[in-house]
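Please open the model beside this note and follow the points in order. Each one picks out a place to look at.

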Amino acid sequence: MKIAFVSTRGIPNNYGGFEQFAEYISVGLVARGHDVTVYSPHFHPYEESSYKGVKIKHIYSPEKWMGSSVGSFFYDFSSLRDAFKNENFDIIYEAGYTSIIPAYIWFNIKKRKNPIIVTNMDGLEYKRSKFNPLVQKFIFWEEKMAVKHSHYLIADNMGIHDYYKEKYRRDSKFLAYGADIHTDFNADTLSEYDVTADNYYILVARLEPENNIEMAIQGYLKSKENGKKPLLIIGNTTTPHGRYLTGKYGHIDSVRFLGGIYNFKVLDDLRHFSSAYFHGHSVGGTNPSLLEAMAAGCFILANDNIFNRSVLKDNAIYYNSPAEVTRILDDEKCFADKEALIVNNIQRISTDYSWERLVDQHEEYFKELLRNHNRK
């Protein structure tokens, strides 16, 4: 098969979830004998034309001077145009829809039998509170257009799968992200952050309202743990919500904003040795950082929603208010099954979210698409 991954910020990953996914799946598919190309913006620091057998197609992106919100539309359009014009792909995998819809409409892809266009619908993007109401309406329109124009849809979470089935009566294929299980944790890392093993809480997220960071902070501050075990918050503090949070809580000694930590080994050490890990994401999809926390052996306290429950099942303690966070931290019974839940989550990663298994699933799905699509 000849496959392209479009609308990521390139591989090897130095940005986020879609890029990590594209790296693992593309490399895995090449190892199975397939011809795979990943489109990459021209400013990506990796400038070679291939990576572990994966072809890299560098496309000009005006993001650096136009901003990512606008520049990504031009980058995605140029990438898709190149894929149609210069290549003979069997399948184009579109990573998200929020900046590709104008290209979908321009190229009228619904009427193109080949190549097969598969769109990963990500989360409920229009619900992200970082967007103003006008932008939210535009993204909701884009969601409808993605459903209308895509040949096939992929949902990385069963909650997303059910949403599209109920709202649009459109089937999607459930294919998740993955994570690696590590065992080489180093407690010496903790001294750099002035904490010790099992004596701090941690939250790792983009500092945006829909990730409910303030809910965790407020619940923690009212608990008996405030002052005993610090709450470490890891995420870029330069976002508007990040500046709000640091302005309101940054003076409190027990709430420590560490900024973004992009050394995965350091991040994994901090996750592994924490007393508990807060996961407040609420707008859908399978968040890669949640899978990484599970794989790192974290005891997880999670925002109570269908997306988190579809991943964690009964292997987390759930909350949906600051008062519930306080209750959980103050009640030792909530931690009684901590070790069992950690073991269950690691097992779930090894069985349901291993990269090897997911490469197999994607290969099988792509082969199925080629067989069935060509019969239409």
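1. Is S7 buried or exposed? S7 is buried, and its relative accessible area is 14%. Keep in mind that this is a predicted model. Find S7 in the loop between strand 1 and helix 1. Now look at the backbone there. The phi of S7 is near 75°, which is positive, and S7 is not a glycine. Most residues other than glycine have a negative phi.

2. Now turn to D194. This residue sits in the loop between strand 8 (173-174) and strand 9 (201-204). D194 has a positive phi too, about 55°, and is not a glycine. Is D194 buried or exposed? D194 is exposed, because its relative accessible area of 62% is over the 50% cut-off. S7, at 14%, is buried.

3. Go back to the loop between strand 1 (2-6) and helix 1 (17-31), where P12 is found. The peptide bond from I11 to P12 is cis. Its omega is near 0°. Most peptide bonds are trans. S7 lies in the loop between strand 1 and helix 1 as well.

4. Which residue does a cis peptide bond join to N114? The partner is P115, and omega is about -5°. P115 belongs to the loop between helix 4 (101-106) and strand 6 (116-120).

5. Next comes helix 3, residues 68-86. How far does helix 3 reach from its first C-alpha to its last? The span is 25 Å over 19 residues. That is close to the 27 Å expected at 1.5 Å a residue. Several residues of helix 3 are buried, among them G71, Y75, L80 and F84. The buried residues also include S72, D76, S78, S79, D82 and A83.

6. Compare the directions of two helices. Helix 7 covers residues 213-221, and helix 8 covers residues 240-249. Their axes come within 11 Å and cross at roughly 15°. Helix 7 is therefore roughly parallel to helix 8, since angles under 35 degrees count as roughly parallel. The crossing of helix 7 with helix 8 is right-handed.

7. Which residues make the contact between these helices? From helix 7 come I213, E214, I217, Q218 and L221. From helix 8 come Y244, L245, K248 and Y249. Sorted by type, the residues of this contact are 6 nonpolar, 1 polar and 2 charged.

8. Look at H149 in helix 5 (residues 133-149). H149 counts as buried because its relative accessibility is 9%, under the 20% cut-off. What does H149 touch, leaving aside neighbours within four places in sequence? Its contacts are Y104, I105, I109 and K110. Select these side by side with H149 to see the group.

9. Finish at V266, which is part of helix 9 (residues 264-272). V266 is buried, with a relative accessible area of 17%. Its contacts, apart from neighbours within four places in sequence, are T189, Y193 and I261. Then find T286. V266 and T286 are 20 residues apart in sequence. In space they are 23 Å apart, C-alpha to C-alpha.

Conventions. Residues are numbered from 1 along each chain as its sequence is written. This is a predicted model: local features need pLDDT of at least 70, side-chain atom pairs count only at pLDDT 80 or more; totals for chains, interfaces and linings use all residues. Side-chain values use heavy atoms; hydrogens and water are left out. Axes are lines fitted to C-alpha atoms, for helices over the stretch in contact, and angles run from 0 to 180 degrees between N-to-C directions. Helices (H or I, at least four residues) and strands (E, at least two) are DSSP runs, numbered from the N terminus. Angles under 35 degrees count as roughly parallel, over 145 as roughly antiparallel, 65 to 115 as roughly perpendicular and the rest as oblique. A crossing is left-handed if the near helix is turned anticlockwise from the far one by less than a right angle, and right-handed if clockwise. Contact means heavy atoms within 4.5 Å. Ala, Val, Leu, Ile, Met, Phe, Trp, Tyr, Cys and Pro count as nonpolar, Asp, Glu, Lys and Arg as charged, and the others, Gly among them, as polar. Buried means under 20% relative accessible area, exposed over 50%, partly exposed in between (1.4 Å probe, protein chains only). The expected span of a helix is 1.5 Å times one less than its number of residues.
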